[in-house]
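Morning, everyone. I have one structure to go through today, and I will keep it short. Please have a look at it first.

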Amino acid sequence: RPVGLAVDASGNLYVADSGNGRVIRFPSPFLRPQISAFQADLVLGQFSGNSKIQDASSATMNAPFGLALFADGSLAVSDAAHNRILLFRRPTGGDFTTGQAAAVVLGQSDFTTINTSTGLTGLSSPRHLSVDTSDRLYVADAGNNRVMVFPRAMFSANGVAAAFGITGFNNPQSIAVSPVTGEIWVTQTATYAPKGLLGHLYWWSVFPMHGLVFPSMIKNITR
């Protein structure tokens with residue numbers, strides 16, 4: 001079950017292969033003719049392309065979801081089921097290796113803990129990620145209905161606290177940061193919570209229209 005994607009400066013495609021508990025990389029697929037199936041040249045989160053160990057450790061993942069690349073090519077991966085972010089450091093002048101252990105974990109105090117937390121050091125089912133031009137890491141912390149911001153995450157200690165959290169979201173899923181303006185875009189689940197008698201009367205008065213409006217809207221979008 002592939003979920004998150006990221007493309008590095010060399011055009012290599014990273015895929016969060018969530019169902020197999022791993023991240024795989026396809027070398028420059030956009031520069032190659034579509035003659036046959038592409039072969040991945042890297043596996044992170046498992047020890048090989050044939051293993052599937054989903055226990056929490058520095059080298060294994062359960063359900064990778066979001067991906068984000070830092071300026072030096074290092075990779076952040078959200079492991080949603082284990083309520084953490086794993087940071088894989090790319091060696092200077094070198095490359096990742098299959099089965100490489102993560103250098104840093106965020107959201108947990110160590111690599112084997114998987115608890116949820118509402119504090120600045122914790123996460124709950126983190127989803128997609130983004131990195132800005134200053135290498136600040138932004139996390140859609142879905143289970144806590146917030147976005148967490150970690151400055152210089154790649155150089156931090158395990159379990160370091162986020163600088164701050166942006167609250168008021170409802171189950172945020174995806175996040176993007178503009179490299180030009182620094183603006184943040186977040187997708188979330190829409191909700192409507194009617195308040196008082198008038199609010200409920202309004203809700204039930206427009207509810208029958210949903211069955212007429214939304215099917216037609218979806219049909220037009222998919223054309």
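A residue counts as buried here when its relative accessible area is under 20%. Keep that cut-off in mind for alanine 56, which has a relative accessible area of 16% and is therefore buried. Before going further, note that this is a predicted model.

Where is alanine 56 in the chain? It is found in the loop between β4, residues 42-44, and β5, residues 64-69. Which residues does alanine 56 contact, leaving aside its neighbours within four places in sequence? The list is His82, Arg84, Phe111, Thr112 and Ile114. Methionine 154 is 98 residues from alanine 56 along the chain, and the C-alpha atoms of the two are separated by 20 Å.

Now the sheet. It is an open sheet of four strands, in the order β5-β6-β7-β8, with antiparallel pairing. β5 and β8, the latter being residues 104-106, are the edge strands, and each pairs on one side only. From one strand to the next, the twist averages 20°.

I will take the strand pairs in order. β5 and β6 are antiparallel, with four bridges. Within that pair, alanine 68 stands opposite alanine 76 of β6. The two strands form a hairpin with five residues between them, and glycine 73, in the turn, has a positive phi of about 90°.

Next, β6 pairs with β7, residues 84-88, through five bridges, again antiparallel. Alanine 76 has leucine 87 as its bridge partner in β7. This is also a hairpin, with four residues between the strands, and asparagine 83 there takes a positive phi near 55°.

Last, β7 and β8 pair in the antiparallel sense over three bridges. Leucine 87 comes up again here, with valine 104 as its bridge partner in β8.

Back to β6 for a moment. In a regular strand, side chains alternate between the two faces of the sheet. In β6, Leu75, Val77 and Asp79 point one way, while Ala76 and Ser78 point the other way. Are these residues buried or exposed? All are buried. That is five of the five residues of β6, residues 75-79, so the strand is largely enclosed by the rest of the structure.

To recap: alanine 56 is a buried residue in the loop between β4 and β5, and β6 is a strand with five of its five residues buried. That is what I have for today.

Key:
Residues are numbered from 1 along each chain as its sequence is written. This is a predicted model: local features need pLDDT of at least 70, side-chain atom pairs count only at pLDDT 80 or more; totals for chains, interfaces and linings use all residues. Side-chain values use heavy atoms; hydrogens and water are left out. Buried means under 20% relative accessible area, exposed over 50%, partly exposed in between (1.4 Å probe, protein chains only). Contact means heavy atoms within 4.5 Å. Two strands pair if DSSP finds at least two bridges between them. Axes are lines fitted to C-alpha atoms, for helices over the stretch in contact, and angles run from 0 to 180 degrees between N-to-C directions.
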